Every structure is written in C-alpha cells, then in structure tokens.
Amino acid sequence: MQQNGTAGRATIGLACAGGVVEGAIYEVGALCAIDDAVQGVDLHQLDMYVGVSSGALIGALLANGVSARTLSRAIVSEAYDPRLNLEPEVLFKPAFGEYLGRIRQLPRRLLSTLTYYASNPGDLSLLGLLSTFGTALPSGFFDNTPLEVFLRDALDTPDRTNDFRTLGPLLRVVTMHLDSADLTVFGEPGLDDVPISKAIQASTALPGLYCPVEINGRQYIDGVARRTMHASVALDAGADLLFCINPIVPVRLQMEEHAKRLLTKHLSYSLADHGLPSVLSQTFRALVDSRKQTGFKKYEHTHPDADLLLIEPDPEDADLFFSNIFSFRNRHDVAERAYRATLRYFRRNATDIAPTLHRHGLSLRADVLYGGTRSLYDAEDEARLRRRITGRDTPSTADVLSETNDVLNRLDTVLTRLQHG
C-alpha cells in the first residue's frame with residue numbers, strides 16, 4: 001500500500017457530493033457519526049478534501065479546522081461562532097439584476113421577431129413566436145452572491161483562510177465551465193489564486209436555480225452537472241482511503257405508498273401528487289445516482305489499491321426527501337436522522353468495514369456502535385434549539401400559573417372599569 005500521508009501513514013481524504021441545503025444537512029449528520037464511530041481520525045484534520053456544490057462548502061470548512069460537531073450546531077444557527085450560522089434564506093435571494101437585464105432586452109427582441117415574421121408571414125406559428133423569447137428568460141432564479149459573502153466572512157479569521165495556497169490540507173472545489181462543459185477544479189496549480197469562497201459560489205450554481213458565476217471572464221456552474229462527487233480527483237491526488245458522502249439518491253415510496261393506502265384508502269400515492277418540483281428532483285436524483293454507480297465501478301480498475309467508503313441515505317427514507325429546511329426543527333431532525341442512520345450502517349456492515357479501516361490504521365469504536373442509543377444533539381443542544389424555536393425555555397407549571405393569574409387580574413381590572421365607566 002502506498003503511504004502518502006505524514007510520517008508514513010496512509011493518505012486519508014473526504015469527498016462530498018452536492019444536494020443543495022438538504023444535502024449539506026444530511027452530510028453534517030453523517031460526518032458527525034463517522035467522527036464518533038471511527039477511531040484514529042478526525043474529519044477536520046484529514047489530508048485532502050474534494051467537494052462539489054454544497055459538499056464543497058462542507059469540505060472547505062472542515063479543511064479550515066471547523067469540526068463536524070460545530071457544523072451540526074451551525075445548521076440550526078447555534079454555533080458558538082455566529083459567523084458559521086448560515087440561514088437558508090441567504091441561499092434564496094432573487095436574481096433581480098438578472099431579471100432586470102432580461103426585461104430590458106424584451107423590446108429589442110420583440111422588434112426583431114416582428115420584423116422577421118413581417119418578412120416571412122408563412123413561417124408564423126404561436127410556438128415559433130414564443131420560442132424566440134427564450135433568450136429573454138433569466139439564466140437562474142436566484143443569486144448566490146450572499147453565499148460567497150457568508151463564506152468570505154466565515155473564513156476571515158486568524159485560524160482560517162480563504163486562500164487555497166495557504167491552506168494546510170489539499171482542498172479541491174469542482175465546477176463546470178459552462179461554455180465548454182469541461183470540468184474545472186479550483187485549488188489545482190494554476191487555479192489556486194481564486195478565493196475559496198468564490199470557487200464555492202461557482203460550484204453551488206445549480207443550473208436553473210442559480211445564475212452562472214463569472215470568474216476571470218469565464219462562466220461556471222455546479223460541477224454535479226458532470227459527476228456526483230468527483231472522487232477521482234482525490235484518488236488521482238494519492239488518497240489511500242477516501243470517505244465519500246453522497247446525499248443524492250432517488251427516493252423509493254413503496255412502503256410509504258402502502259402505508260397511505262392503509263390509512264387513507266387511497267388507491268395510489270405518487271411523487272406526482274407533490275407536483276413538478278418533486279418529479280424534477282426525482283429525475284435528477286436518478287440520473288446522478290446512475291452516473292455515480294458507473295463511476296464507482298470504474299474506480300475498482302483505475303485505482304485498485306485505494307479504498308472507498310460510501311455513505312448514503314436510505315432510499316426509503318422519504319422524510320429526508322420532503323424535509324422543510326426553513327424549519328429549525330426539521331433541520332435538526334434531518335441531521336439527527338442522518339447521524340443515527342450512519343451509525344446503523346456501520347453496525348450492519350462492521351464485518352466488511354472493519355478490515356478496510358484496519359488497513360489504514362483505523363478501527364470502529366464498539367462503545368459507540370453497541371453502547372446504547374446515541375444522539376447527535378445533547379441536552380444542552382436541545383435546550384438551545386428549543387430557545388431558538390420558541391424564543392424562550394419551556395415554561396414550568398409555576399410559570400404558567402403565575403402568568404395566567406396576571407392575565408386574569410388584568411382582565412378583572414378592565415371589567416371593573418367598564419362597569420363604573
């Protein structure tokens with residue numbers, strides 16, 4: 001086994017796929033489980049990190065020494081460093097500048113279209129007329145510039161860096177050059193002068209959702225358009241053991257459909273019932289999953305000496321698919337489910353995973369896997385979340401009675417005034 005790590009140990013890396021906000025939340029829960037269950041490694045102290053889309057954001061923070069546990073508090077806006085608290089609303093700023101620019105083009109395009117059909121009246125059709133306005137549609141609904149600002153601020157500390165060249169471990173952020181469909185890996189020599197925050201902004205520019213991001217006069221979009229997690233980037237860089245986290249799997253509703261039939265007497269229950277977004281999401285997940293399976297089979301031949309450990313959601317966990325990431329409670333629940341599911345995965349596959357880890361000087365922690373039910377969030381975390389949701393701690397019975405008595409006294413005062421007034 002080739003030893004590329006420090007002092008002769010194996011080179012260990014992490015590859016994180018995308019998945020927008022839901023994917024990032026799942027990844028954080030899974031990463032916390034790996035940190036707890038695997039002895040001999042800390043995920044914020046690895047040799048290399050490769051990320052695409054939201055996985056690039058997670059990888060960049062880990063590479064800067066931010067622990068998975070800290071990220072688990074950040075996703076519910078309770079990190080001790082408030083600069084790490086990313087609100088989902090930041091990711092959904094309408095691209096007003098893009099809208100305005102396209103609207104300004106409408107008069108010119110309308111005149112051009114009318115001029116064409118005046119000269120070619122036999123070519124006139126409603127669909128043809130509408131298609132000429134396609135270029136007037138915005139290139140994305142949202143602008144993810146606020147994400148770049150958030151990351152720039154989060155990395156602007158004495159113990160973190162926004163510069164690939166001054167970062168200790170290797171960090172690679174994968175994007176796709178829009179006009180050529182070529183992969184671009186920021187952080188590689190010649191592409192390491194771009195700020196990490198800017199590279200991640202480009203990598204998270206999911207087509208249709210976000211506008212392409214311009215860097216040095218070139219337009220870039222989400223690298224998932226080409227591949228899921230780009231594990232080959234880490235393998236080519238010399239990874240001996242690569243932890244791979246992929247939240248993008250197609251959902252299976254067979255069990256969910258059966259339960260709905262029993263409870264509601266409905267004859268069918270389908271993703272189509274949830275409208276176009278769910279249909280498109282499932283289609284995208286299926287396409288990405290197919291390419292991922294092909295890629296992992298290829299790695300067995302191209303990198304036979306490397307070991308990959310793939311962590312993914314259970315396809316039958318529909319709650320992850322339909323999670324509302326604008327809810328603090330739902331974000332907490334998704335991360336918690338990912339944490340417990342990953343520990344369950346290690347328990348069920350321990351006989352296969354343990355020898356793989358042992359080859360690289362790591363081991364599974366029996367006390368974590370078999371020492372009783374474990375939770376991602378402890379009592380203190382739960383209390384902070386409760387305060388975040390309700391605005392205060394859960395009141396005691398005495399508090400409720402005292403407040404009720406005050407209300408009744410005020411009501412009695414008002415009624416007395418009305419009687420005598």
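Is threonine 342 buried or exposed? Threonine 342 is buried, at a relative accessible area of 2%, where buried means under 20%, exposed over 50% and partly exposed in between (1.4 Å probe, protein chains only). The model is predicted, so local features need pLDDT of at least 70 and side-chain atom pairs count only at pLDDT 80 or more, while totals for chains, interfaces and linings use all residues. Residues are numbered from 1 along each chain as its sequence is written, and side-chain values use heavy atoms, with hydrogens and water left out.

Threonine 342 sits in helix 12; helices (H or I, at least four residues) and strands (E, at least two) are DSSP runs, numbered from the N terminus. Apart from neighbours within four places in sequence, threonine 342 has contacts (heavy atoms within 4.5 Å) with Tyr26, Ala30, Ala33, Ile34 and Ile311. Isoleucine 34 is 308 residues away along the chain, yet its C-alpha atom is 7.5 Å from that of threonine 342.

The whole chain holds 16 helices and 13 strands. Of its 421 residues, 45% are buried. Taking contacts between residues at least 6 apart in sequence, 75% join residues at least 24 apart.

On a 1 Å grid over the protein atoms alone, a pocket is an open set of points where a 1.4 Å probe fits, with protein on both sides within 12 Å along at least five of seven lines, and lining residues have an atom within 4 Å of a point. The lining has 27 residues, and Leu310, Ile311, Glu312, Pro313 and Tyr345 lie nearest the centre. Helix 10, strand 12 (307–311) and helix 12 (328–348) are the elements that each give two or more residues to this lining. Helix 12 gives the most, with eight residues.

Helix 2 (residues 54–63) is largely enclosed by the rest of the structure, because ten of its ten residues are buried. Among them are Ser54, Leu57 and Ala63. After helix 2 comes glycine 65, with a positive phi near 90°.

The structure has eight salt bridges, each a side-chain nitrogen of Lys or Arg within 4 Å of a carboxyl oxygen of Asp or Glu. One of them joins arginine 160 and aspartate 81, at 3.0 Å from N to O. Arginine 160 is in the loop between helix 6 (145–154) and strand 6 (170–177), and aspartate 81 is in the loop between helix 3 (68–74) and strand 4 (93–94), 79 residues apart. Both residues of this pair, arginine 160 and aspartate 81, are buried. A network of salt bridges links Asp81, Arg83 and Arg160.

Another salt bridge, at 3.1 Å from N to O, joins aspartate 307 and arginine 359. Aspartate 307 is in strand 12 and arginine 359 in the loop between helix 13 (350–358) and strand 13 (363–364), so the pair ties together parts 52 residues apart in sequence. Aspartate 307 is buried, at 13% relative accessibility, whereas arginine 359 is partly exposed, at 46%.
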